[in-house]
Amino acid sequence: MVMQPDERTSERSMPIVLAVSGASAQQLAERSLQLLLENQRHVHLIFSRGAHEVWNAELGVQVPVDPEAQASFWRERLQCDRGVLECHRWNDQAASIASGSVRTRGMVIVPCSMGSVGRIAAGIATDLLERVADVHLKEGRPLVLAPREMPWNLIHLRNLTALAEAGARIAPPIPAWYTQPESLDDMVDFLVVRLFDSLGENLKPIKRWRSDQP
Ligand SMILES: Cc1cc2nc3c(=O)[nH]c(=O)nc-3n(C[C@H](O)[C@H](O)[C@H](O)COP(=O)(O)O)c2cc1C
């Protein structure tokens, strides 16, 4: 089916769900949020309970649970007043995006813990993140997971396979060396931009293999 230009425009302006679960590499989540907002995107942000714990343990930062306080926290921390940011409480299963009737462009879970992988693969929705992932699969919308664990055991591999079979895209945060990164920030930007390539976004010019195009 060929989309009409006005349909394509409305598709572009639809919100993106950025979900963050309790795995290492929370810098990827923070940079994702920053680039989405700087690019004037409408973001629904879900922080799992595990993500709150990892921020506390690894970064010594308490991310507020209350949605309004959390939105203010990110605006202040990222020094960005662009885009639209709607934060959700980790266990708010009555949030707008918990229903398939609310349209989105897709959902990215970065980083994604193996706990979240397992529960989503089993169709178990104990919190908002898992419910919204389930909704994206049932509605046939893009669901991209950036699982962070090493090494993967057979259960992880089977769960990831089940998710790929159900239509999710598995995009582990594996850096590229052909870009000759000069810093960790370069690597983080490359990983984040490649992750959102999956949703048809181009959040920032990065070095792409044998290409002058940004
Ligand atoms: C500091 C810290 C780092 C963690 N890193 C990972 C990780 O990289 N991958 C992973 O699968 N779990 C990791 N975990 C364990 C998860 O946070 C834990 O299984 C949690 O219940 C996941 O919940 P969630 O998926 O709802 O966020 C980590 C936990 C802590 C405290």
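My entries follow, starting with the ground rules and moving from the sheet to the ligand.

**Ground rules**

I'm working with a predicted model, where local features need pLDDT of at least 70 and side-chain atom pairs count only at pLDDT 80 or more, while totals for chains, interfaces and linings use all residues. I number residues from 1 along each chain as its sequence is written, and side-chain values use heavy atoms, with hydrogens and water left out.

**The sheet**

I looked up the strands (DSSP runs of E, at least two residues, numbered from the N terminus, just as helices are runs of H or I with at least four). Six of them make an open sheet, and its order is β3-β2-β1-β4-β5-β6, with parallel pairing. β3 (84–88) and β6 (169–170) are at the edges with a single partner strand each, so one side of each has no neighbour in the sheet. I count two strands as paired if DSSP finds at least two bridges between them.

Next I checked β1 (residues 16–20). It runs parallel to β2, joined by five bridges, and in that pairing Val17 has His44 as its bridge partner.

I use "buried" for under 20% relative accessible area, "exposed" for over 50%, and "partly exposed" in between (1.4 Å probe, protein chains only). Five of the five residues of β1 are buried. Ile16, Leu18 and Val20 point one way, and Val17 and Ala19 point the other way.

Why do I call β4 largely enclosed by the rest of the structure? Seven of its seven residues are buried, so that is my reason. On one side I find Gly106, Val108, Val110 and Cys112, and on the other Met107, Ile109 and Pro111.

**Helix α5**

I moved on to α5 (residues 114–121), where Met114, Ser116, Val117, Gly118 and Ile120 are buried. Their cover includes β4 (106–112), α6 (128–138), β5 (143–147) and α7 (154–165). Ser113 caps the N-terminal end of α5, with a side-chain oxygen 3.3 Å from the backbone nitrogen of Gly115. Just past the helix, I noted a positive phi of about 75° at Gly123.

**The ligand**

Which residues come nearest to the ligand? Of the 15 around it, they are Gly22, Ser48, Ser113, Ser116 and Arg148; a residue is near if one of its heavy atoms lies within 4 Å. α3 (49–59) and α5 each supply at least two residues of this shell, and α3 gives the largest share, four residues.

I then looked for polar contacts, meaning pairs of N or O atoms within 3.5 Å; within protein, one must be able to donate a hydrogen and the other to accept it, and residues adjacent in sequence count only if both atoms are side-chain atoms. A side-chain N or O atom of Ser113 is 2.5 Å from a ligand oxygen. Met114 uses a backbone N or O atom, 2.8 Å from a ligand oxygen. Arg148 also has a backbone N or O atom there, 2.7 Å from a ligand nitrogen. Taken alone the ligand exposes 640 Å², and the protein buries 67% of that (Shrake-Rupley areas, 1.4 Å probe; for residues, only the protein chains shown count as cover).

Glu30 sits in helix α2 and is buried, at a relative accessible area of 17%. Beyond its neighbours within four places in sequence, I find Glu30 in contact (heavy atoms within 4.5 Å) with Trp55, Trp74, Arg77 and Leu78.

Arg41 lies in the loop between α2 (26–38) and β2 (42–47). Its side chain reaches the backbone oxygen of Asn39 at 2.9 Å. With neighbours within four places set aside, the contacts of Arg41 include Arg12, Ile16, Leu36 and Glu201.
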